[in-house]
Structures are given as structure tokens and as C-alpha cells.
Amino acid sequence: MKTELITDKYLSDAAKAIKKGFVVAFPTETVYGLGIIYDNLAAFNTLNTIKRRPPNQPYSLMLGSINDIEKYAIVNVDARRLIEAFLPGDLTIILKAKDNLPQWCVNSKDGSVGIRVPDYQIVTKLINLVGKPLLVPSANRHDSPPLLCGADVFNEFNGEIPFVVDGTSGSMLPSTIVTLCDKCKILRIGNITKDKIENVLRKEID
């Protein structure tokens, strides 16, 4: 496969590739991501192969608008507060998934899904061009550091994906991850700190 490093002027080409089941790389406000359309099992399997990641670890569901969250997940009071405070932005919230999601999008252990709404024009435009949510992990091999610029992503995945949207990530840190399923717990700290989350929720959390 030929890999092209493209500018955001050619996002429509990237969107067409994603709709056909290909993996495309692009910058976000955190680190570079690898994106696929969420409802294509073959694309999911390809992404696992490229990432060298076990198939039993679901990816975050990336949405173009906070208004879409309740289409795919059950939003409780704590989640609503975090959404209003930090989304769109570099926060991933883990919620109970609704029944309309394919099984490979859902954590089989607890029926949850990670939700991400980016605050990055390129990504939002790409999702809107695709017309469906994307599954998006960081652009790196499993257990390797996330990549931050288009050239590095191109060099790593050259020959395996059709397009890398050129650019620079907005941060050196991936998103903060908070699970809100049974009890609120921070799974990973990014630019959104524990103190900021506790201030919004008005309580201490793990």
C-alpha cells in the first residue's frame, strides 16, 4: 500500500478512505491518532494488526459533537458535569454503553465505552465528513510512546495505511481518562488534572 502525507485540504480523501474501511492517521489536540469508522469489523481487525494490539482491548469512540454522546452511552450526573466543563477537549470519559454499539466497541468486562469529543478542527471536520463516529487510539505500536508529528507517523506506518494528515499534535500528553461507570476513578492523567476534575465534581475521587 502506498502511504501519502497529505495536508488538511485533502481531508475529503481521508474521509473516503475511512468509509471504505481503511485506517487514517491525523493530529489531535493531544497526540496523533489512528482512526477507523466505528461500525466496520474488518477495519477494527486491521487497526489491531497495525497497532499490534490484542483484540480484547476496545478503543475510544470519537464523536464530532457533545450532542452525540447520549446516542451511544448512558450519561449520569457526574458525566454531565465533566462534559459541560471539559468537552470538547482532551478528556476521555468511560460510560455504560448503549445497545446500539457493535460488540467490538464495548468493553466485554463491564459493558462500557470510552467517549472522546475532540477540540481540534481537523478532527471534527474529518468526523463530519465521514458522517459516523471513529474509533481512535494513539498513533503508535502497542506499548510504544505516542507519536506527535506527521513525519514520525509516516515513517512508522508507511506502507500500512493510505493517508497521514500532516501536522503537529497539540500536546505531548494523551487525554485524561475518567471512568464513571460504577464509581468515579481517574485511569490516566493528562492535561486535565485530578484537582480540576474534583473541583467540577465537588468531591474527592481516586
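These questions and answers cover salt bridges in a predicted model.

Me: How many salt bridges does a search of the whole structure find?
Reply: Side chains of opposite charge can pair when their charged atoms come close. The search covers the whole structure, and its count of salt bridges is 8.

Me: How far apart in sequence are the parts that Glu29 and Arg116 tie together?
Reply: Glu29 and Arg116 form a salt bridge, with the closest N and O atoms 3.1 Å apart. Glu29 sits in the loop between strands S2 and S3, and Arg116 in strand S7, so the pair ties together parts separated in sequence by 87 residues.

Me: Is Arg116 buried or exposed?
Reply: Buried means under 20% relative accessible area. Arg116 has 4% relative accessibility, so Arg116 counts as buried.

Me: Which residue forms a salt bridge with Asp39?
Reply: Asp39 is in the loop between S3 and helix H2. Its partner is in the loop between helix H5 and strand S8, 93 residues apart from Asp39. The closest N and O atoms are 2.7 Å apart, and the partner is Lys132.

Me: What is the relative accessibility of Glu156, which pairs with Arg141?
Reply: Arg141 lies in the loop between S8 and helix H6, and Glu156 in helix H6. Arg141 is buried, at 8% relative accessibility. Glu156 counts as partly exposed, and its relative accessibility is 33%.

Me: Which residues are linked with Arg141 in a network of salt bridges?
Reply: Arg141 forms a salt bridge with Glu156, the closest N and O atoms being 2.7 Å apart. The network of salt bridges links Arg141 with Glu156 and Glu160.

Definitions and conventions:
Residues numbered from 1 in each chain as written. Predicted model: local features only at pLDDT ≥ 70, side-chain atom pairs only at ≥ 80, totals over all residues. Heavy atoms only, no water. Salt bridge = Lys/Arg side-chain N within 4 Å of Asp/Glu carboxyl O. Helix = DSSP H or I, 4+ residues; strand = E, 2+ residues; numbered from the N terminus. Buried < 20%, exposed > 50% of the residue type's maximum accessible area, 1.4 Å probe, protein only.
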